[in-house]
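Work through the exercises below with the sequence and the model at hand. Each task is followed by a stepwise solution.

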Amino acid sequence: MAFKRLTGKDIAEALKQRTGHVFRDHERLQRALTHASARGAKAGTDYERFEFLGDRVLGLIIADMLFHAFPNAAEGELSVRLNALVNAEALAEIADEIGLPDLIRAGSEVKTLAGRKRVNIRADALESLIAALYLDGGMEAAKRFVLRYWEPRSKVTGAARRDPKTELQEWAHQAASATPAYQIESREGPDHDPLFTVSVRVGEFEPATATGRSKREAEQAAAAAILQREGVWGQEGNEK
């Protein structure tokens with residue numbers, strides 16, 4: 001992540017090829033990639049508001065893409081596909097692919113962050129960039145960028161797994177004559193970017209715990225963890 005001050009023009013030039021868009025508002029682009037830890041950053045000048053908008057723009061584009069790409073998929077399958085494409089890990093991976101961390105203006109203390117917090121910074125910055133694209137070039141600019149990097153990922157085998165909560169419920173009834181019981185263990189982070197930790201128990205089986213940026217995402221991940229651990233699913237989420 002950048003600890004020297006890059007100008008908006010520098011960032012726009014670096015992103016021109018990576019996004020396929022020539023930014024007109026360099027100042028807004030710079031704000032969209034400014035972390036709250038940046039020296040001199042004042043309230044309202046970091047990327048939190050952009051992240052809020054970018055999350056919604058991304059979700060709409062991905063939902064529309066999946067709706068048309070998989071006309072026979074049920075709502076549950078579409079939801080799982082969407083969650084797999086917009087979770088923090090997927091976003092952080094794409095942020096790395098386009099070299100976005102090098103363009104984020106952040107304070108030196110960010111260097112010490114690790115694990116989930118560092119993943120979230122990269123994911124949040126990518127959502128903020130999508131908002132900047134939307135504000136600068138409209139929905140078409142945002143859509144071109146999203147389809148370029150997300151559409152190939154939507155076609156991988158792992159994204160086609162069945163809804164894990166539905167799968168776990170069916171398996172639980174057969175294996176233990178029980179219904180999966182979900183429990184929220186913790187909720188961390190700000191209201192606009194929470195991190196839920198959820199556990200799920202099936203009868204006498206050992207419970208599984210997972211995290212997600214929404215309660216639903218955490219429950220899906222916990223259900224998938226049991227299915228994989230008990231050998232119902234392989235590591236890619238395919239039923240054995």
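**Exercise 1: a pair and its surroundings**

The side chains of Arg28 and Asp136 form a salt bridge, at 3.6 Å from N to O; a salt bridge is a side-chain nitrogen of Lys or Arg within 4 Å of a carboxyl oxygen of Asp or Glu. The model is predicted: local features need pLDDT of at least 70, side-chain atom pairs count only at pLDDT 80 or more, and totals for chains, interfaces and linings use all residues. Residues are numbered from 1 along each chain as its sequence is written, and side-chain values use heavy atoms, leaving out hydrogens and water.

Task: Locate Arg28 and Asp136 in the chain, and state whether each is buried or exposed.

Solution. 
1. Arg28 lies in helix H2 (residues 26-32) and Asp136 in helix H6 (residues 115-154), 108 residues apart. Helices (H or I, at least four residues) are DSSP runs, numbered from the N terminus.
2. Arg28 has a relative accessible area of 19%, so Arg28 is buried. Buried means under 20% relative accessible area, exposed over 50%, partly exposed in between (1.4 Å probe, protein chains only).
3. Asp136 is also buried, at 2%.

**Exercise 2: a second pair**

Solution. 
1. Glu219 belongs to helix H8 (residues 215-229) and Lys165 to helix H7 (residues 164-176), 54 residues apart.
2. Glu219 is buried at 7% relative accessibility, whereas Lys165 is partly exposed at 24%.

Note on methods
Helices (H or I, at least four residues) and strands (E, at least two) are DSSP runs, numbered from the N terminus.
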